[in-house]
Amino acid sequence: MHSRWSEADVASLDPLDLLVYSSRLYGADSTLVVWGGGNTSLKQTETDYRGRPAEVMRVKGSGSDMKSIRRQDFPGVRMEDVRAILEREQMSDEEMTAFLRHTLMEPDSPRPSIETLLHAWIPDASVAHSHADAILMLTNNCDGEMHVSRCFGRSVAMVPYLRPGFALSKQVAEVVARQKDLRGVVLMKHGLITWGADSKDSYDIHLELVTKAEEYIAGAKRGRRVFGGVRRAALPPEERRAVAAAIAPVLRGGVSAKQRSVLRFDDSEDVLEFIGAERGQELSQIGPATPDHLMNTKRLPLWLEVPDPTDIPALAAAANAKLAAYADAYTSFVAAHNHAGHPLLDPFPRVMLLPGVGMFTAGMDARRARIPGDIYHHTISVMAGASALATYESLSDEDAFGAEYWPLELYKLTLLPPEQELARRVALVTGGGRGIGRAIAERLAAAGAHVVVTDLNATAAAEVAAAIEGVQGAGRAVGLALDVTDEPAVAAAFRTAALAYGGVDIVVSNAGIAEAAPIEQMEAALWRRSLEVNATGHFLVSREALRLMRAQGLGGSFVFIASKNVPAPGKDFAAYSAAKAAEAQLARIVAIEGAEIGVRANMLHPDAVFEGSGLFSPELRAGRAAAHGIAPEQLEEFYRTRNLLKTRVLAGDVAEAALFFASDRSAKTTGAALAVDGGVREAFAR
Ligand code: ZN
């Protein structure tokens, strides 16, 4: 492991900035800490609120992530106060957190880490704690103590597994006080603690010890296939992705029985090797490497194996049966240990392993579906290292339960912001590259949805997806080229959605074209083109979406962007109006056929939306102007004054109506149409 420390970077930093700097170095290396794991601290003299000097420890706040941590993420606790309780025999977690609240330098700072006392009672100024993979490899096997002492000799002490809290902190303090020349403490099945005079000191020692562990493991692993031979080779990439796309909606429907989740697919080399190896199944069912991982991965992954994974019906039947069995087993496991009567957490797996195919992970959004996946790569790596030394071991059942249902972790869940209206949902928008489609994609994303933005123009789709991710965060949108008249491409778009998010909940069928001509002069090709895009395109999208939604079993919502021309067709606009009428009739039949699987379908009738529009080409403007007997530049004004409210209809107005139909706000409405046209009397519903 190489040091990332750069003297040039730290030249002008004060000690607190150095703490931030070093913390980010730990965070930058996922073999040391992943997603919120680990913590660091620094003791220094500060001036308190009354202007007196005070000895203060800055320690990582609960819930922050080392790789992006900032100064304000380090609450200060008064050392005089936290030293005073070292005398005590014991202290419950609740008492400890209540006590720590009184010791804060800034009353409104984030809650200090649950490992605060562990840092405070080590006398040195700088303390660092990680869950380094290499350390877990040493500790998580049946000969853990022996390997730790062989690797480090007497320079590192061991503390048996104990849940973080008062008792563990006190044990560490006693060990450190007893042996003056100690360089670090290994917490069995948990991680490593080092300390020093400043942030660089503790970082250097941390890296030195982790490197030593890595070298020790590498020696034991050399030339060995620790997972056994290949039992099941991975399917070729295209084939396994086709299987993954087909099974994803079934898995998503299954794990969403209590709480809707999005999924993430991962078929990286290390995952495929592990799940295809002789010992993969056995090892996967032992447990997590450290309690910190368990919060995200749950204690065990689901193992989903059938003789032939390309037999999708058989795989789907097995998936449903295995998910039900997993939830039952989890519920019984909790019942056996839950003496305090905590409410049952979601009983479905976060990690699902499909030999030959890959791994799915689940979470409430794309980010939180990624975390268990990222962590599981480290679980695999730790299992490999530990297996090279002896038999891999995890926490005891009781400790695993205790870690997952630890009140302090449960408390963190209550701090999450309230969920947005379309959180946990996935929308696919056609023609999302500009105009109405873009406005809808952005509106649904702002309401919490993940969005697959499709457009004939690949660049436009990618730009909209990037714009959404820029506002809503990475992973929240996918941009995709799609010609809705291309049958295989439509099917492929839904497969992409299934691989990106596990499925689709909302379909906005919007892509359309418009060309004007009087019937007597209309080329048959123009008529056919309009039917192809404005009618058949909606059919192809609907068919694939319904197939996916049936497999997924979570209902769904279609929003068809039709037109004011459906109830009130316009002169010289036969090809467009007739095709849009076909779309409208299709929408009603999607409502009829989709109802039995909880799928709703509704349509919007916008009129004269010029803003960002790809529909109103210069030719169409000229054609519509001619039909109304005006000049092309008068067209927008003509439409504005034609409606009752004398208003310009904007893409954002249509997007608001689309949100209404896409969301549960319209849960009891299907087969309906809503006009967004400023009021056009001829288009009133009759
Ligand atoms: Zn820890």
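Modeller: The side chain of Arg600 comes to 3.1 Å from the backbone oxygen of Thr669. A polar contact is a pair of N or O atoms within 3.5 Å; within protein, one must be able to donate a hydrogen and the other to accept it, and residues adjacent in sequence count only if both atoms are side-chain atoms. This is a predicted model, where local features need pLDDT of at least 70, side-chain atom pairs count only at pLDDT 80 or more, and totals for chains, interfaces and linings use all residues. Residues are numbered from 1 along each chain as its sequence is written, and side-chain values use heavy atoms, without hydrogens or water.

Biologist: Is Arg600 buried or exposed?

Modeller: Arg600 is buried (under 20% relative accessible area, 1.4 Å probe, protein chains only). Arg600 has no salt bridge (a side-chain nitrogen of Lys or Arg within 4 Å of a carboxyl oxygen of Asp or Glu).

Biologist: Which side chain of opposite charge is nearest?

Modeller: Asp664, 5.0 Å away. Lys and Arg count as positive and Asp and Glu as negative; His and the chain ends are not counted.

Biologist: What is Arg600 in contact with, leaving aside neighbours within four places in sequence?

Modeller: Among them are Gly556, Phe558, Phe661, Ser663 and Thr669, where contact means heavy atoms within 4.5 Å.

Biologist: Where does Arg600 lie?

Modeller: In strand E17, residues 599–606; strands are DSSP runs (E, at least two residues), numbered from the N terminus.

Definitions and conventions:
Helices (H or I, at least four residues) and strands (E, at least two) are DSSP runs, numbered from the N terminus. Buried means under 20% relative accessible area, exposed over 50%, partly exposed in between (1.4 Å probe, protein chains only).
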